[in-house]
Amino acid sequence: FQDQKALEGVEEREAAGEALTPEFVQLKLDRQDNLANDRKSEAQSVASYNQAIAKLELVKGTLLQYNNVIMQEDMIPYERKWVAKK
C-alpha cells in the first residue's frame with residue numbers, strides 16, 4: 001500500500017509538469033519496481049497459503065470434503081436421504 005501511494009505521488013508530480021530529468025525517471029522506475037515486487041510477494045504468499053491449506057486437508061483426509069467434492073459412489077446415501085424426505 002505504501003509503495004502504491006509513493007508511485008501515485010511521483011505520477012502526480014509528472015502530471016503537474018515536473019521535468020523528466022534522469023533522476024526523476026529513475027525515481028519513477030524505482031517506485032514501479034518496488035510496487036511490482038510487493039505484488040509479486042503478495043501473490044507468492046497467497047499461493048503458499050493455499051498450498052498449505054491443501055496439504056493440511058490432504059493429510060487430514062478431508063481434501064475432497066473441503067472442496068465440496070462428492071464422489072459418485074458416495075452419492076447414494078445422499079440420494080436415499082433426499083428421496084426419503086419427500
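A residue counts as buried under 20% relative accessible area, as exposed over 50%, and as partly exposed in between. In this predicted model, Glu 14 has a relative accessible area of 28%, and is therefore partly exposed.

Glu 14 takes part in one of the four salt bridges found in a search of the whole structure. Its partner is Lys 28, with the closest N and O atoms 2.6 Å apart. This pair links distant parts of the chain. Glu 14 belongs to helix 1 and Lys 28 to helix 2, 14 residues apart.

A salt bridge also joins Arg 13 and Glu 18, at 2.7 Å from N to O. Arg 13 is partly exposed, at 37% relative accessible area. Glu 18 is partly exposed as well, at 32%.

Lys 60 and Glu 57 form a further salt bridge, at 3.5 Å from N to O. Both lie in helix 2; because they are three residues apart, about one helical turn separates them. Glu 57 is buried, with a relative accessibility of 8%.

Asp 3, in helix 1 (residues 2-15), is buried yet has no salt bridge. The nearest side chain of opposite charge is that of Arg 31, 6.3 Å away. A salt bridge requires the nitrogen and the carboxyl oxygen to be within 4 Å. Beyond its neighbours within four places in sequence, Asp 3 contacts Asn 34, Leu 35 and Asp 38.

The surface also carries a nonpolar patch made of Leu 20, Val 25 and Leu 29. Together these residues have about 260 Å² of accessible area. Val 25 lies in helix 2 (residues 22-60) and is partly exposed, with a relative accessible area of 37%.

Conventions. Residues numbered from 1 in each chain as written. Predicted model: local features only at pLDDT ≥ 70, side-chain atom pairs only at ≥ 80, totals over all residues. Heavy atoms only, no water. Helix = DSSP H or I, 4+ residues; strand = E, 2+ residues; numbered from the N terminus. Buried < 20%, exposed > 50% of the residue type's maximum accessible area, 1.4 Å probe, protein only. Lys, Arg positive; Asp, Glu negative; His and termini not counted. Contact = heavy atoms within 4.5 Å. Patch = residues over 30% accessible without salt bridge, like charges linked within 9 Å, V, L, I, M, F, W, Y side chains within 5 Å. Areas by Shrake-Rupley, 256 points an atom, 1.4 Å probe, with all protein chains shown as cover.
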